[in-house]
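Here is a short briefing on salt bridges and a surface patch. Look at the model first, then read on.

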Amino acid sequence: MASASISLSFSSSLIPSPLLLDRNKSTSAIKHRDYHASVCGVVRCAFASPARRKSTSSSSSSSPAVGKKKLWKQGEFPGTSEAFIEGRSRKTPIKNIKKKLDRKNNAKAWANTAAEAMSDLVLKKQWLQALEVFEMLREQPFYQPKEGTYMKLLVLLGKSGQPLRAQQLFDTMVEEGCEPTTELYTALLASYCRSNLIDEAFSILNQMKTVPRCQPDVFTYSTLLKVCVDASRFELVESLYEEMDERSINPNTVTQNIVLSGYGKAGKFDQMEKVLLGMLESTSSKPDVWTMNTILSLFGNKGQIEIMEKWYEKFRNFGIEPETRTFNILIGAYGKKRMYDKMSSVMEFMRKLQFPWTTSTYNNVIEAFSDVGDAKNMEYTFDQMRAEGMRADTKTFCCLIRGYANAGLFHKVVSSVQLAGKLEIPENTSFYNAVISACAKAEDLIEMEKVFNRMKDKQCQPDSTTYSIMVEAYKKEGMNDKIYDLEQERRRMVDDGPKGDEAFSKESVVNV
């Protein structure tokens, strides 16, 4: 197979430097001194005798003669007395006060602009830049971060696979006098859960139990239950249920849906059915549309279309109405099985019921054509998506990149990466995996390594899929030394966990 070369370009977000305050402070002060001198001169001239006024008019710029006769005693006319002048000099000029107020207002205006920029970076999931802006704000003496700000950053760091930075931010928050809450502790705990650090997550749970005002609630336990079922640690699931019962915390529908999904993914259908029956008999955790979506998604992802359709009818008989996400699950399931007629029927049914097509709807259709390398229909769907004003996301471009690679259109892989950069699409692990896979299919191992290094430079953690793609590519070329180095790096990463997060100290990146 001929080797095709891919040249990829990425965009990087640059944070503008903060606005500098106006440093020209001397002009108005000079004008004030000139004005003060002219006022005093006018006062002196106004009280001079007519004869002396006439003789001195021609030499107004010359200094007065020594021993000049005064027409009033010292202190009689306070307008020119030394006491008055000294008293006046001790007062702050009005213009200086105005300047101080202007500077303060300008600083606050800059802080508001910076806070808005940070919020935008959080929405774009650019955690490193968001932390840098946050650090600049903290340096301002008048800026006091609120609980909501810390919450947004903790959630962002958790979703970005940065649990140690989340812990660092949490510790800084406590040191600066911001009282932790159950919600903030739960956000920190969730950051560990997202990185599958179960022991650390339970350590946070134990800390919460020692703080009277930060006792764990149903959301805390739901977060822990999710990471346990995802890791198939079902013995911990039972112990958490017992602990909730001891604390009189009743599992809600969200909690049960999480466990239901975990049992289903693990193939424990007996336990799944037990939880579902318990929900039907419960008064606090009745099944809802999320329960319906969980079951449909479970069987749809396994390709068991008939069972999925039977459960759909059962939930409809329970009186549960479908939503947009329900139809998107059906579309995705039909698309993976290449049942394009049923996929189109569901989309038409959505239009008929006035359910809007969302980004997920288009992503499922694009993914269906991407899997088989149908570039024509994939492009048509993407163009229709943009024509309707629907914003593409990371999954959209992952599907496009994979689809073009499956079709052998590697030049369009490059254009898709460039377009993602222009649209400021967040580059996560799935995005880099799609690009690395495309490079491997093009047999361009040099570019594959460049993308891999770029991924690590961007603090994007490689996963098992990343290493599997690269190992397979090296195997085809018989590059055993490369495979050995990659396996060693992978082993170090597994042993160290997220400790690569510590490689960037407080001083080297952001002092939070």
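Buried means under 20% relative accessible area, exposed means over 50%, and partly exposed lies in between (1.4 Å probe, protein chains only). This is a predicted model: local features need pLDDT of at least 70, side-chain atom pairs count only at pLDDT 80 or more, and totals for chains, interfaces and linings use all residues. Residues are numbered from 1 along each chain as its sequence is written, and side-chain values use heavy atoms, leaving out hydrogens and water.

**Salt bridges**

- The structure holds 13 salt bridges, each a side-chain nitrogen of Lys or Arg within 4 Å of a carboxyl oxygen of Asp or Glu.
- Glu176 and Arg138 form one of them, at 2.3 Å from N to O.
- Glu176 sits in the loop between helix H7 (163-175) and helix H8 (182-194), and Arg138 in helix H5 (residues 127-138), so the pair ties together parts 38 residues apart in sequence.
- Helices are DSSP runs (H or I, at least four residues), numbered from the N terminus.
- Glu176 is partly exposed at 41% relative accessibility, and Arg138 is partly exposed at 21%.
- A network of salt bridges links Glu135, Arg138 and Glu176.

- Lys395 and Glu367 meet in a salt bridge at 3.4 Å, N to O.
- Lys395 is in helix H20 (residues 394-406) and Glu367 in helix H18 (residues 359-371), 28 residues apart.
- Lys395 is partly exposed at 36%, whereas Glu367 is buried at 16%.

**Another pair**

- Glu321 bridges to Arg316, with the closest N and O atoms 3.6 Å apart.
- Glu321 is exposed at 52%, while Arg316 is partly exposed at 30%.

Terms used: Helices (H or I, at least four residues) and strands (E, at least two) are DSSP runs, numbered from the N terminus.
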